[in-house]
Amino acid sequence: MSSEKINSPVSQSVFLVSAKIIWFSSLLMGILASIPKILQLHVTVAELVVDSSIAFLFSIAIWYFNIYRLPKFSGVRFTNRFFNLRLLYSILSGLMFMAILVGIHQLLFPEYNFQSMILMYEFRGILINLTIYMFLYFLYQTYRNHKIEIELERVKADHVTAQFELLKQQVNPHFLFNSLNTLKSMVEIDDKHIPEFILNLSDFYRFTLEKRKQDVIPLAEELSILYSYIFLLKARFEDGICFDDRLSQDHASSLIPPFTLQLLVENCIKHNIVSLEQPLTISLYVKDDLLHVENHLQLKMAAEPSTGMGLENICQRYEHLTHKKIEIEKKTDSFTVKLPLIYEYCNYRG
């Protein structure tokens, strides 16, 4: 790591260590390692400098060796255990490097008998190695814990946002207003389907209240409420909307985030012309283990204002719950949303 920098150990998204920290701490190690020499009565300044240089160079080497052994560079999985193979490699490498340093210094400064004190230098190297390793270990642990906390907060925030947006779309005031207007018109003409309309409207909002806190529900339940929703839409648009359900019973037990299909159908109606002259067809089928929600494209000339949160809400929920992404396919004559089928979910609350 040539330009490692960290103003605070966890303030950056990438783990970096300042070169200033490495060099300053190595210099401090060199000075501290020479204290026993300073306490001797007969020792020269030159001897102190040479002795300190061994600890200084060793400290720098150990810093970079341990940094490059981190997962970012080595690809080795980080373990929470302090005593592990990474520490063993560091100590063994340190022993070899200290022996090399002492040998080089003996060649450069033959007047000093470094080799006679090799055991002392090796012991000193182990202490320096453990100190640097421990500091780097706790620094990296702090960084990882902070990163995990940030990720958990982000996921939590995304989930809360998704739930909030879902709640807003579930109790859509425009849909309720349109449904009540439709009911008023049916009452005025004494439509025989009034009781059925009221029952479906009641079922829809009862289901909304009961299922809004669940992560996933069986597809059969989702289809049940979808049919109530479709019935309410047909009361308003009559034959202007056609729903083609091609799902088999084999997929009824699969799971789906609640109101996903309702939101997708609502999205179709929001952006497309729905009329007796141009009926809107919405198809539901499974292909390649994906649940397809497809509609013919007949876009409105003046589209309703859209926040884009409908599809975004569904994307967030699928990524949060299953770590899978939905697929969106737009052709010249059709628009399709493909949902991964969910067969198992450990936090499912029935």
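Leu-28 is found in helix 1, helices (H or I, at least four residues) and strands (E, at least two) being DSSP runs numbered from the N terminus. This is a predicted model, in which local features need pLDDT of at least 70 and side-chain atom pairs count only at pLDDT 80 or more, while totals for chains, interfaces and linings use all residues. Residues are numbered from 1 along each chain as its sequence is written, and side-chain values use heavy atoms, with hydrogens and water left out.

Leu-28 counts as partly exposed because its relative accessibility is 41%; buried means under 20% relative accessible area, exposed over 50%, and partly exposed in between (1.4 Å probe, protein chains only). Together with Phe-24, Leu-32 and Ile-35, Leu-28 makes a nonpolar surface patch of about 390 Å². Helix 1 (residues 19-33) contributes the largest share of this patch, three residues.

## Overall composition

The protein contains eleven helices and seven strands. Of its 350 residues, 44% are buried.

Among contacts (heavy atoms within 4.5 Å) between residues at least 6 apart in sequence, 73% join residues at least 24 apart.

Five strands form an open sheet in the order 2-4-5-7-6, with mixed pairing; two strands pair if DSSP finds at least two bridges between them. Strand 2 (241-245) and strand 6 (327-330) stand at the edges with a single partner strand each, so one side of each is left without a neighbour in the sheet. From one strand to the next, the twist averages 15°.

Strand 4 (residues 280-287) and strand 5 (residues 290-296) run antiparallel and are joined by six bridges. Val-286 has Leu-291, in strand 5, as its bridge partner.

## Helices packed on the sheet

Helix 9 (residues 219-237) packs on the sheet and touches strand 2, strand 4 and strand 5; its direction makes about 160° with that of strand 2. Helix 10 (residues 260-271) lies across strand 2, strand 4, strand 5 and strand 7 (334-340), and runs at about 145° to strand 4. Axes are lines fitted to C-alpha atoms, for helices over the stretch in contact, and angles run from 0 to 180 degrees between N-to-C directions.

## Surroundings of Phe-207

Phe-207 lies in helix 8 (residues 194-211) and counts as buried because its relative accessibility is 8%. Leaving aside residues up to four places away in sequence, Phe-207 touches Ile-217, Glu-221, Ile-225 and Phe-259. Phe-207 and Glu-221 are 14 residues apart along the chain, and their C-alpha atoms are separated by 9.4 Å.

Notes:
Patch = residues over 30% accessible without salt bridge, like charges linked within 9 Å, V, L, I, M, F, W, Y side chains within 5 Å. Areas by Shrake-Rupley, 256 points an atom, 1.4 Å probe, with all protein chains shown as cover. Salt bridge = Lys/Arg side-chain N within 4 Å of Asp/Glu carboxyl O.
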